[in-house]
Amino acid sequence: MRRFGQAISAARPRVVAALAARLRDLDLAEDAFAEACTSALVAWPNQAPRDPAAWLWRAALRRAIDAKRRAAVRERAVLDTPEPEPTPEEALMAAHQPIPDERLKLIFVCCHPALAPDSRVALTLKVVCGLSTQRLARAFFVGEPAMLQRITRAKAKIAGAGVPFEVPARDAWPERLEAVLTTLEIAYAQAYEDAALAGETAGFAVEVLRLSGLLAELVPDEPEVLGLAALVRFAEARRPARLGDLGAMVPPDRQDIGLWRRDLIAEGATLLDRAAALGRSGPRQILATIHATHCARAETGGATDWPTIAALYDILAQLRPHAAIAINRAVAIGEAEGAAAGLAELAKIQGMETWLPYQAAFAALSAKAGRRADARAAYDAALALGPAPAERLYLEARRRSLTTT
Amino acid sequence: MQYMILIYEPEDAYAGEAGQAALADIVAKHMALAGELRAKGIQKDGAGLQGSETATTVVTQNGQQTIHDGPFAETREHLGGYYLIDVPDLDEALAIARRVPVTDGGKVEVRPLIVH
């Protein structure tokens, strides 16, 4: 299936969504799609058909209808009067309609606020993107049985509680869209964390890239949707430069701009312009603008524009009073106005001493301020808090640079 | 689908004189909502419950049944009343659940009935 992987993953959201809308059953839709993919292996010996989605839709629908009919017969247990099998012509006739576009409905179902946020993320990546339970379990650091249970429970709730397969009513739209955006943000945060490391989970960020682009295509007039799609593109553009030769993390202002993906930066800029034209700002657009400001080095070739980034964090901190944003804001102020100003802002954040980003920021600002003993202690504290390998290497190098001179 | 809307409120929400005034206000709002839902054919049933000090629980364990004073879960919130409604899906049930009047800290749980 690897040969047609690209065609199949591209077709998946549309086909699975159309199946789920028709069958009102996510499991049946997923199973039918999987079976259609298996038969594609046989039916597409050398190359994919001109319209792989249409082919898969027809094949999957035929299988799903067969499966449903068999189940209905079993249910009634009328063994002596079997349902007539549809002739191939009948099945084809039934299937020869264009694939209805139900993708937005599917996304809204998988991201319904009646599901726990973790379940929404897992379900969306599983059903819409087709990530395996095994891969999701690895990406979210849980066991495979636990991940399977999370997904099974979410599907059972959708079916049992009567979650409708509909685009929400206009008055419920803001809350429902927020749930979708939050889901994608959690998914991307996870992808951003783990995909700094190559290997098994590296493709995961690609799925979130695709998914955020799909949402921007389906909901082109919601600025926060465009902002999120832009944000993911700017962040992904820098991925090839995020690790140095020895596998250590490289912060954005020191990355080799020659490694950045200009195509993604351009896409992000277009999306952000479209969002701005709609005239309703929001946290994802601000965050995307911060990323865009980092990426601007690709054009200017010069230093990072920290004053602009600090000003953007001022606005973002108002919209999202989270510790992580307050810490990033302090770091940006430290770069823009000097280490003392940054440390003063960091001192306002209470109760975060056992959090890695806090200690890393405190260490960096202390080092910048020439307070070497404080910096060393904070780097030690940060290293004791279990950083990921790339960040560990980075922090260790910073720590060493304080002892050698 | 039929949904049970279960209303949980802090036990002491309507204590004292101010509480009684608040209760009168909430009850009036319930009457208005129930009247509207019945007129639309949405509400099948519903009632307020007496306080959890009137609750008695039958516990079945190891084949033995014992009677206990009080509600099954000793929490600060108690089940104060319910609506039984019939609407097409969860989104509509939740839209009604949002309109159920509760005191501050109140919670409204929405549960579909088992369909036979």
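A: Let us begin with the elements: helices (H or I, at least four residues) and strands (E, at least two) are DSSP runs, numbered from the N terminus. This is a predicted model, in which local features need pLDDT of at least 70 and side-chain atom pairs count only at pLDDT 80 or more, while totals for chains, interfaces and linings use all residues. Residues are numbered from 1 along each chain as its sequence is written, and chains are lettered from A and ligands numbered from 1 in the order in which they are written.

Q: Where in chain A is A:F141 placed, and what is its phi?

A: Most residues other than glycine have a negative phi. A:F141 sits in the loop between α7 (133-139) and α8 (144-161) of chain A, and its phi is positive, about 55 degrees, although it is not a glycine. A:R24, in the loop between α1 (5-23) and α2 (26-43) of chain A, also has a positive phi of about 55 degrees without being a glycine.

Q: Is A:F141 buried or exposed?

A: A residue is buried if 20 or more other C-beta atoms, placed from the backbone, lie within 10 Å of its own, exposed if 12 or fewer, and partly exposed in between. A:F141 is exposed, because it has 10 other C-beta atoms within 10 Å. A:R24 has 13 C-beta neighbours inside 10 Å and therefore counts as partly exposed.

Q: Which residues of α12(A) are buried?

A: An α-helix has 3.6 residues a turn, so residues three or four places apart point the same way. In α12(A), the buried residues are A:L264, A:I265, A:E267, A:G268, A:L271, A:L272 and A:A275. Seen down the helix axis, they fall within an arc of 160 degrees (taken from the directions from the axis to the C-beta atoms), so they line one face of α12(A). On the other side, A:R262, A:D263, A:D273 and A:A277 are exposed.

Q: What do the buried residues of α12(A) pack against?

A: Two residues are in contact if their C-beta atoms, placed from the backbone, lie within 7 Å. The buried residues of α12(A) pack against α10 (204-218), α11 (223-237), α13 (283-295) and α14 (297-300) of chain A. Just after α12(A), A:G279 takes a positive phi of about 70 degrees.

Q: How many helices and strands has chain B?

A: Chain B has 2 helices and 6 strands, in the order β-α-β-β-β-β-α-β from the N terminus. Of its 116 residues, 15% are buried.
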